[in-house]
Structures are given as C-alpha cells and as structure tokens.
Amino acid sequence: MNLRSLLDHLYAEGKAFDAAQADRRSRRRNLSPDAAELLALVLRIGNCRDIVEIGTSNGYSTIWLADAARTTGGSVTTVDVEEVPAALENVTRAGLADHVVFETADGGDFLASRAPASVDLLFLDAERPEYPAWWPDIRRVLRPGAVLAIDNVLSHPGEVAPFLALVNADRTFTGSSVAVGKGLFVAVSDR
Ligand SMILES: C[S@@+](CC[C@H](N)C(=O)[O-])C[C@H]1O[C@@H](n2cnc3c(N)ncnc32)[C@H](O)[C@@H]1O
C-alpha cells in the first residue's frame with residue numbers, strides 16, 4: 001500500500017471508529033486530510049526540521065508531518081499523555097519510524113522540558129482549554145521564524161478563543177485562521 005492509500009485507509013478507519021465511540025476522549029479525532037496536507041506543505045515551505053506535535057492519537061497527523069520532515073531532513077517528536085501503540089504501529093507501517101520520536105507525557109510538561117528556541121514547527125492537537133497555560137513555554141521553545149499551528153479553530157471557536165487571544169495579542173506572532181477541515185490556525189514567530 002502506498003503512503004497516500006495508507007493515510008486514506010487510516011482516516012476512513014478513524015471516522016468509522018469514532019462514530020462508534022460514545023466517549024469523545026476515546027475517539028481518534030484525526031486531523032482532516034486537507035488540513036494535514038496544508039500543514040505538511042507549510043512544514044516544507046518553512047524547511048522545518050525540529051517538529052513537535054502535541055496529541056498523537058493513532059499517528060495519522062504524525063505520518064503526514066513525518067513524511068514532510070523526510071524531505072527537509074528533519075524529524076517529528078510526537079507527544080501524548082496516553083500510551084499510543086497504534087501510532088507506533090501505523091508510523092512503522094508507513095516506513096517513517098526513523099523520522100519519529102514518541103514521548104508519553106503531558107504536553108505542558110513536555111514543553112516545559114524543551115530547550116529554548118529548539119522547535120521549528122509546533123502543532124497543537126490535544127485538549128484545547130489547556131493551551132493558554134502552555135503559552136509561556138510555547139513562546140520560549142519556538143525559534144525565530146518558527147511555525148505554530150492549532151487545529152479546530154472553526155469547529156470549537158469558544159474553546160480556542162482564550163489561546164488565540166494570547167497569540168494575537170503578541171506582536172511577535174503573525175497568524176491567520178484557514179478554513180480547511182475543522183479550521184487550522186497558522187502563525188509565524190517574528191522574533
Ligand atoms: C485530537 S486527538 C489527536 C489527533 C492526532 N493529532 C491526529 O490527527 O491523528 C488528541 C490527543 O491528545 C491527547 N492529549 C490530551 N490531552 C493531552 C495532554 N495534556 N498532553 C498530551 N496529549 C494530550 C489525547 O490522548 C489524544 O490522543
């Protein structure tokens with residue numbers, strides 16, 4: 001199976017799986033393919049090498065990011081508060097295991113542990129109300145010119161509003177919400 005076929009298969013499988021799950025937190029909640037494609041393109045345009053994803057789930061978005069990172073010579077560190085055996089299996093199946101580092105940790109704790117100015121692209125896809133508390137470390141870990149991306153800005157505007165207010169109030173970031181999938185906010189650090 002080629003990579004795109006595998007991604008299409010995982011996405012369809014995730015949709016079917018989620019439809020049968022009553023508990024939202026048990027769902028895979030994969031990034032939509034058009035948003036994933038845009039994110040991968042931004043990664044490549046920015047020649048991003050040190051990529052961090054918070055919220056792995058079954059590795060769908062991780063595969064998109066890792067495939068793009070392969071072209072820049074970079075790697076993806078993907079962080080989830082839960083163990084993610086399915087993600088490891090899917091990333092391996094995609095032939096991208098050499099481009100992904102898995103971390104089991106709370107996203108906020110992980111960001112607090114990262115060195116300053118050590119991330120070229122940070123993708124937040126975890127529990128949205130937690131993001132504002134992470135903001136000081138997000139600012140600290142992003143390199144000048146780095147990309148910050150957040151999913152669900154159109155599907156859950158109320159939940160992301162406090163975080164977007166912080167980013168938009170910071171004159172060292174320039175961002176915009178793009179109407180792909182569930183809404184992808186993309187910002188660049190001007191520092
Ligand atoms: C929306 S899903 C991620 C979907 C994935 N990015 C994709 O597109 O395939 C959210 C994930 O965030 C994880 N998560 C929730 N709170 C977290 C936290 N505080 N730190 C790290 N991961 C967290 C959940 O366990 C879940 O796997």
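The views below show a predicted model.

**View A. Asn47, a non-glycine residue with positive phi.** Phi at Asn47 is about 50°. Most residues other than glycine have a negative phi. Asn47 sits in the loop that links helix H2 (33-45) to strand E1 (50-54). Asn47 is exposed, because 12 other C-beta atoms lie within 10 Å.

**View B. Ala117, another loop residue, between helix H5 (107-113) and strand E4 (119-124).** Ala117 is not a glycine, yet its phi is positive, about 45°. It has 15 C-beta neighbours inside 10 Å and so is partly exposed.

**View C. The shell around the ligand, 20 residues.** Leu31, Gly55, Tyr60, Ser61 and Gly107 come nearest. Helix H3 (60-72) and strand E2 (75-80) are the elements that each give two or more residues to this shell. By class, the shell has 7 charged, 7 polar and 6 nonpolar residues.

**View D. An open sheet of 7 strands with mixed pairing.** The strand order is E3-E2-E1-E4-E5-E7-E6. Strand E3 (100-104) and strand E6 (173-178) are the edges, each pairing on one side only. Neighbouring strands are turned by 15° against each other on average, direction ignored.

**View E. E4 beside strand E5 (residues 142-151), and helices on the sheet.** E4 and E5 run parallel, joined by 5 bridges. Val119 has Leu142 of E5 as its bridge partner. H2 packs on the sheet, touching E1, E4, E5, E6 and strand E7 (184-189). The direction of H2 makes about 10° with that of E7. Helix H7 (residues 157-169) also packs on the sheet, touching E5, E6 and E7. The direction of H7 makes about 145° with that of E6.

Note on methods
Residues numbered from 1 in each chain as written. Predicted model: local features only at pLDDT ≥ 70, side-chain atom pairs only at ≥ 80, totals over all residues. Helix = DSSP H or I, 4+ residues; strand = E, 2+ residues; numbered from the N terminus. Buried ≥ 20, exposed ≤ 12 C-beta atoms within 10 Å, placed from the backbone. Near = placed C-beta within 6 Å. Nonpolar A, V, L, I, M, F, W, Y, C, P; charged D, E, K, R; others polar. Pairing = 2+ DSSP bridges. Axes fitted to C-alpha atoms, helices over the stretch in contact; angles between N-to-C directions. Contact = placed C-beta atoms within 7 Å.
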